[in-house]
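Here are my notes on the model you sent.

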2 protein chains.
Amino acid sequence: MRMVKSLARLHEQLRKLPGIGSKTALRLAYHVLDMDERDVQQLAQALLDVKTRVHLCETCFNLCEGTQCEICEDKERDRSLICVVEQPQDVAAMERTKGYKGLYHVLHGVLSPLDGIGPDQLKIRELMRRLQDGQVREVILATNSDVEGEATAAYLANLIRQTGVRVSRIAHGLPMGGDLEYADELTLYKALENRREL
Amino acid sequence: MRMVKSLARLHEQLRKLPGIGSKTALRLAYHVLDMDERDVQQLAQALLDVKTRVHLCETCFNLCEGTQCEICEDKERDRSLICVVEQPQDVAAMERTKGYKGLYHVLHGVLSPLDGIGPDQLKIRELMRRLQDGQVREVILATNSDVEGEATAAYLANLIRQTGVRVSRIAHGLPMGGDLEYADELTLYKALENRREL
């Protein structure tokens with residue numbers, strides 16, 4: 001027997017999602033069958049809404065539903081600070097710390113010549129334009145610490161330094177509460193290299 | 001910052017799914033944002049279709065899109081055999097073996113007095129009605145081997161025996177390719193008890 005057609009189709013669609021294998025997709029499909037019709041409608045609507053309503057902020061390219069994101073619109077934010085991140089997810093992660101009160105700039109990727117991603121494919125030109133009005137005092141580069149992230153940070157640092165704006169990189173070192181014994185070599189090396197005088 | 005509203009709503013809906021935690025739901029929500037609009041529409045439609053199109057077969061209560069399931073409609077099937085299972089998923093599992101050519105009957109649950117599930121909450125009356133026309137020669141009880149499944153099988157066996165129809169229970173024993181050494185005691189006990197003369 002083939003599975004009931006619409007169930008097979010849902011199974012197939014769910015399997016395409018990242019981290020959802022065939023068995024999980026099947027379990028989810030059967031679960032949907034048992035869900036209240038109203039809940040399924042809400043889920044379907046939520047999926048569609050995300051695609052139609054979420055746009056990129058015109059200023060910082062973070063996610064938003066209007067033309068500007070909540071952070072750019074927030075008058076309490078320190079407009080002299082811009083934190084540059086790779087993805088909107090990184091903004092959410094930074095915001096969870098509740099320690100940063102400046103603005104953001106989302107690059108939407110990192111430099112990766114092998115994948116054909118150069119400066120023009122990222123929101124770099126837009127970042128440089130934001131630095132022109134002299135309001136920004138410092139740019140914090142918070143790209144990831146993998147090869148592409150570091151290369152992108154180096155490229156941006158060089159570019160921004162020429163405008164006279166201060167550039168910094170977020171610190172890499174031992175995670176708080178982390179055990180020296182279990183730290184990987186690279187992190188430990190970075191932690192040593194970046195030691196601060198007390 | 002709160003998350004963008006529609007993203008937060010999708011996150012919340014996805015979290016309700018079984019086996020999807022908060023982090024997985026978030027990753028999926030961001031993934032949906034990156035998906036093609038057409039793919040998202042297909043996924044949403046597949047969700048809705050499952051709820052509106054899938055019904056229960058009038059005869060065996062397996063899933064179907066018409067009034068009768070493919071198995072009940074299949075003229076090649078042996079109509080003198082009925083395999084009783086708990087859930088539609090079990091029909092799918094049995095069909096994957098490709099070894100069974102009879103019909104099914106899906107109970108949609110097991111007897112569970114503590115949860116208020118008695119014979120009237122299951123499709124038991126409907127099963128007994130199928131045995132009345134004298135066409136059925138044997139009923140195979142394939143409920144699970146947990147307490148409720150065994151109790152349901154015992155209850156049904158008793159009921160069916162009174163109609164004169166043969167009743168059998170699927171075999172429990174060592175899984176094929178399974179190692180004696182690693183079998184749990186109950187399975188091993190069952191395997192010994194159910195030994196066959198060669």
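1. Helices (H or I, at least four residues) and strands (E, at least two) are DSSP runs, numbered from the N terminus; two strands pair if DSSP finds at least two bridges between them. This is a predicted model, in which local features need pLDDT of at least 70, side-chain atom pairs count only at pLDDT 80 or more, and totals for chains, interfaces and linings use all residues. Residues are numbered from 1 along each chain as its sequence is written, chains are lettered from A in the order in which they are written, and side-chain values use heavy atoms, without hydrogens and water.

2. In chain B, four strands make an open, parallel sheet, ordered 4-3-5-6. Strand 4 (102-106) and strand 6 (166-169) of chain B each have a single partner strand, so one side of each lacks a neighbour in the sheet.

3. Five bridges join strand 3 (residues 78-85) of chain B to strand 4 of chain B; there, D78(B) has G102(B) as its bridge partner.

4. Helix 5 (residues 88-97) of chain B packs on the sheet, touching strands 3 and 4 of chain B (contact means heavy atoms within 4.5 Å).

Methods. Axes are lines fitted to C-alpha atoms, for helices over the stretch in contact, and angles run from 0 to 180 degrees between N-to-C directions.
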